[in-house]
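Work through the exercises below with the predicted model open. Each task is followed by a solution in steps.

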Amino acid sequence: MRAYVEFAVKKFQDKMAYRLDFFMGIVNTAITILVYLCIYKALYGDAGEVDGISYPMVATHFVITLGLSNAFHYNEMFLQDKIRDGTITNEFLKPVSFILRLLAENIGEGAFKIIFHFIPALLITLLYTKLCPPVSLLGLPVMFCSVALGYLILWLISFIIQTWSFWLFSVWGIITIKNVFVSILSGSLLPLWFMPEPLQKILSFTPFESIYFTPVRIYLGELSGRETVFALAVQAMWVALLCVIANMFWKKGTKKLIVQGG
Amino acid sequence: MNELKIALQSLKMSVRTRMQYRVDSLVATLAVFIRESANIIVIYLALLKFDNINGWNVNEMLFLFSLLFLTYAFVVSLFADLRDFSRMIREGRFDRLMVRPRGLLFQLILNNADLMASAGHGTLGILLFLISAGKVGICWDFATILYYLGAIIGGVLLQGGMFIFFSSLSFYFLETNSLREIFYWNMRKFAGYPISIYHKLIQGLLIYVVPFAFVNYFPAQYLLRKPDLINYNEIYIYIAPLVGIAVYLSSYLFWRVSVRRYYSTGN
């Protein structure tokens, strides 16, 4: 466990070295927030509420979602590059689990993005717009559990696709397509409240709803106590299921791996 | 004539390179197409619920987007090397061009057409145009067609000019990617929507600093005349095609001045 915490901390410090990157990250995040809030505002026009959802709720939804998707932004070509140049073999020799190490590094990088890109951008946003406060203090720890589960779902989906580079020449295209599906279907661009009814029904049977929408709804207090427990259970179920699938691909892939030359 | 022959030869080479990995190229084209469609799908779904965005309905929005994609399809096949210019400098590949008996910019423009991206953007642009062009109340006579073609050419030159400008900065600064990220790629994302919805500051950026507004918003306004045009000087919609030429020429001059400063990064 200690080793993995070290990996996460190391990655975090790695990121700290690039000052310009840090500054640009804040500007980028702040501009993105500003622009999307403008778009939502224009969509709302003079309407106070649409389907019982007010503009501040949408704004809050967008800001939280952006923060989470910011935290999940790392080099998804990592495994492919390792396989291509053959350095993946070094990883097998190390006395740590490759998967957990990767996860630890991504969490380290995510923590950096949240603390140094997202929070400053959020403070800038709060200067010119009002967001919904959390519904209750008790809700916050519950929300953090939900966020962690959502993060794992997102991470596992990405990892599963990355393992396909054991079989495919390049996974760049598939990763791009995956990211489009995730960004639309998880509601990170247009909240799921506003999706057509049938699509919402279908999405409730997929892991996409569990990524951002569940944590946001808990934050806004849209779910009752029982519904919250159920939503968390659904998230945990997806994590378990995706874990099994990821493990299967990883085992099959590493067995098939052939590294040429050295 | 000789120049044209080189151009065709170079294009043939690009096609051949890409065709070495047929399936991979196809997947990449599809990926670009789907990635760019994401915004369209979102705005389509949003307008199912909200009906219009600052007075623009769904077809008018698709028309606005189509200009952005159609122009970019040309930009990415002509100016791909300038898009990735800072990497080119870092890897020292720029030196190679200097010993060849043709102009530098000429070589950069012809080299390495990113045909997959071009096909992805182009298909989407044509598709959006076909869906929307008949339904937005434009009377397609000789004058409008002429203006439309002018606007496309202007839009290509404008974005190409911006690529040349950002590339020229590489001669002064080591690292220009984050600048490009903020001022080019971010602004391009915003340009898909009617700029009147934005904060005044961003409108200013899109008109005067990174003038994407002249790639799609003002040309679309010439053809559509939506009520939010009243926020701007009407002359903008008439000069839109010319802005592209002006941006291209001034970027070209800046390039000429800057390239003299170049000394290799060494190896």
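**Exercise 1.** Decide whether D51(B) is buried or exposed, and describe its backbone.

*Solution.* Begin with the neighbour count: D51(B) has 12 C-beta neighbours inside 10 Å. The cut-off for an exposed residue is 12 or fewer, so D51(B) counts as exposed. Last, read phi, which is near 75° for D51(B), a positive value in a residue other than glycine. Most residues other than glycine have a negative phi.

**Exercise 2.** Determine how helix 7 (residues 139–163) and helix 11 (residues 213–220) of chain A pack.

*Solution.* The angle between these helices is about 175°, and their axes are 8 Å apart. Angles over 145 degrees count as roughly antiparallel, so helix 7 of chain A is roughly antiparallel to helix 11 of chain A. Helix 7 of chain A contributes residues including V142(A), M143(A) and V147(A) to the contact, and helix 11 of chain A contributes T214(A), P215(A), I218(A) and Y219(A). By class, the contact residues are six nonpolar, four polar and no charged.

**Exercise 3.** Characterise the side of chain B that touches chain A.

*Solution.* Count first: 29 residues of chain B are in contact with 26 residues of chain A. Helix 2 of chain B gives the most to this side, with 15 residues. The residues on this side of chain B divide into 20 nonpolar, four polar and five charged.

Key:
Residues numbered from 1 in each chain as written. Chains lettered and ligands numbered in written order. Predicted model: local features only at pLDDT ≥ 70, side-chain atom pairs only at ≥ 80, totals over all residues. Contact = placed C-beta atoms within 7 Å. Helix = DSSP H or I, 4+ residues; strand = E, 2+ residues; numbered from the N terminus. Nonpolar A, V, L, I, M, F, W, Y, C, P; charged D, E, K, R; others polar. Axes fitted to C-alpha atoms, helices over the stretch in contact; angles between N-to-C directions. Parallel < 35°, antiparallel > 145°, perpendicular 65-115°, else oblique. Buried ≥ 20, exposed ≤ 12 C-beta atoms within 10 Å, placed from the backbone.
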